[in-house]
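A short briefing on both topics follows the display.

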Amino acid sequence: MTVDLPSAQPASVHESFFSHFFLARQPILNRDQQLVAYELLFRDAHCDGADFTDGAAATAAVIAHASELGMEQVVGRQLAYVNVDEVALMSDFIRFLPNHRVVLEILETVPATPAVLARVRELRLAGFKFALDDVVAMSQDVRELAPLVDVIKIDIHALRDGELAELTRALAAVGAGGKLLAEKVETLAQFELCLGMGFAFFQGYYFARPVILSGKKIAPSELAILELLNLINAEADNAQIEGRIKHDALISINLLRLVNTPAVGACTRIDTLGQALIVLGRRQLRRWLQILLYVQPGTAQQFASPLLQLAATRGKMLELMTERLRPGQRTSADIGFTVGIMSLMDAMFSVRMSDIVAGIKVQDEVRAALLSREGDFGRMLILVESIERAASSAELSGELDALGLTAADLNAIQIAAFEWVNDYVRGVS
């Protein structure tokens, strides 16, 4: 499937907005670790001191351009959490946002005045949902706003375990215990602690952090996919590849399912593996296998796992960056995709990246990028990781300058990558 970058449209449509902001999205998961929402974070690209959640001006600009941004493109089927301060909350432009797709996240600086409480009630009647941001204590403002919001976000980094437990009990006492979201969850231990305390939602990249298990072996189904990737890299013929696929029912079923999705665009139904290999071609087969590594068989919403979506987004972003920086170099674009999607395999397998790379035939550029973030692909991966963790404007600008990209380039690439991943998930789920 090919995706035209939004920036290929007239500059007046996208440059005016996208050149002024960096966009980041942070995943929000439920208790089953399924992706349910993204928090959208914005920063003024021309103001190094601006915070992602700071000030009415950035929020107002984002909301006013919501239709141009395209919530469907950015978050797919998930909800979008958007920060609002008191000025944004009380403004008319709040109604530019689609009430069925967003959760208005009331910043901790917003006081629970009679006017604010009345405004929240009014917008709730209009169909909006609300979250309360960065709660660290049971203040009077929290007591008054808690009954009116759908989610209460607690910054777990700001509290000791005992304080966190005390706060959750206090919120449960006022009827807010079933709608708690733990922010800044960065480790599996933190997730399990908050899970035990009854939190409903979790925000952070704990699911993408590798937990290396000594002596851990890659599962047979995963090894089969890696062996197929090695066959493709070794330019084996279709008969060899088809024969290997037939030894694994999961791969066979999923590849036939994939080749019959709208994203592939086959004119008639494909019922045999031989036909599937011809229709897909080596390039598409390689990337579908790379994506298939992140599919957990037998789990609910297996194609919509947060780790799969993050890896696929990284892969597509690096591919599109490479196409922008090295026009016409299709092999380089494929290398970019491979680097992006392989960058989370250590988290997927609980195995060191050096061991994974040692077992797969990859180019030297891929190895250098994955192991030490070196070379052009390493710098691209650093940029994508910086966006994910909401790095400072100064840091992002420096990384863009080193690559020869602009803020508008980055945002256009992100939107195209989000759309590609959303189309993929819709097609196979």
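Six cavities of 30 Å³ or more are found in the structure, where a cavity is a set of points, on a 1 Å grid over the protein atoms alone, at which a 1.4 Å probe fits but cannot get out. The model is a predicted one, in which local features need pLDDT of at least 70, side-chain atom pairs count only at pLDDT 80 or more, and totals for chains, interfaces and linings use all residues. Residues are numbered from 1 along each chain as its sequence is written, and side-chain values use heavy atoms, with hydrogens and water left out.

**The largest cavity**

- The volume of the largest cavity is about 180 Å³, a volume being the space filled by probe spheres set on the grid points, which are joined across faces, edges and corners.
- Its lining consists of 17 residues, and those nearest the centre of the largest cavity are Arg25, Tyr205, Leu310, Thr313 and Glu388; lining residues have an atom within 4 Å of a point.
- Two or more lining residues come from each of strand E1 (21-30), strand E2 (35-44), helix H14 (306-325), helix H19 (375-388) and helix H21 (407-428), with helices (H or I, at least four residues) and strands (E, at least two) being DSSP runs numbered from the N terminus.
- H14 provides the largest share of this lining, five residues.
- By type, the lining of the largest cavity holds 12 nonpolar, two polar and three charged residues, where Ala, Val, Leu, Ile, Met, Phe, Trp, Tyr, Cys and Pro count as nonpolar, Asp, Glu, Lys and Arg as charged, and the others, Gly among them, as polar.

**H14 against H19**

- The axes of H14 and H19 come within 10 Å and cross at roughly 130°, with axes being lines fitted to C-alpha atoms, for helices over the stretch in contact, and angles running from 0 to 180 degrees between N-to-C directions.
- That angle makes H14 oblique to H19, since angles under 35 degrees count as roughly parallel, over 145 as roughly antiparallel, 65 to 115 as roughly perpendicular and the rest as oblique.
- Residues in the contact (heavy atoms within 4.5 Å) include Leu310 and Arg314 of H14 and Phe377 and Glu388 of H19.

**H19 against H20**

- H19 and helix H20 (residues 393-403) pack at an angle of about 155°, with their axes 10 Å apart, and this angle makes H19 roughly antiparallel to H20.
- Among the residues that meet are Met380 and Leu383 in H19 and Leu396 and Leu400 in H20.
- The contact of H19 with H20 divides into seven nonpolar, one polar and four charged residues.

Note on methods:
On a 1 Å grid over the protein atoms alone, a cavity is a set of points where a 1.4 Å probe fits but cannot get out, and a pocket is an open set with protein on both sides within 12 Å along at least five of seven lines; lining residues have an atom within 4 Å of a point.
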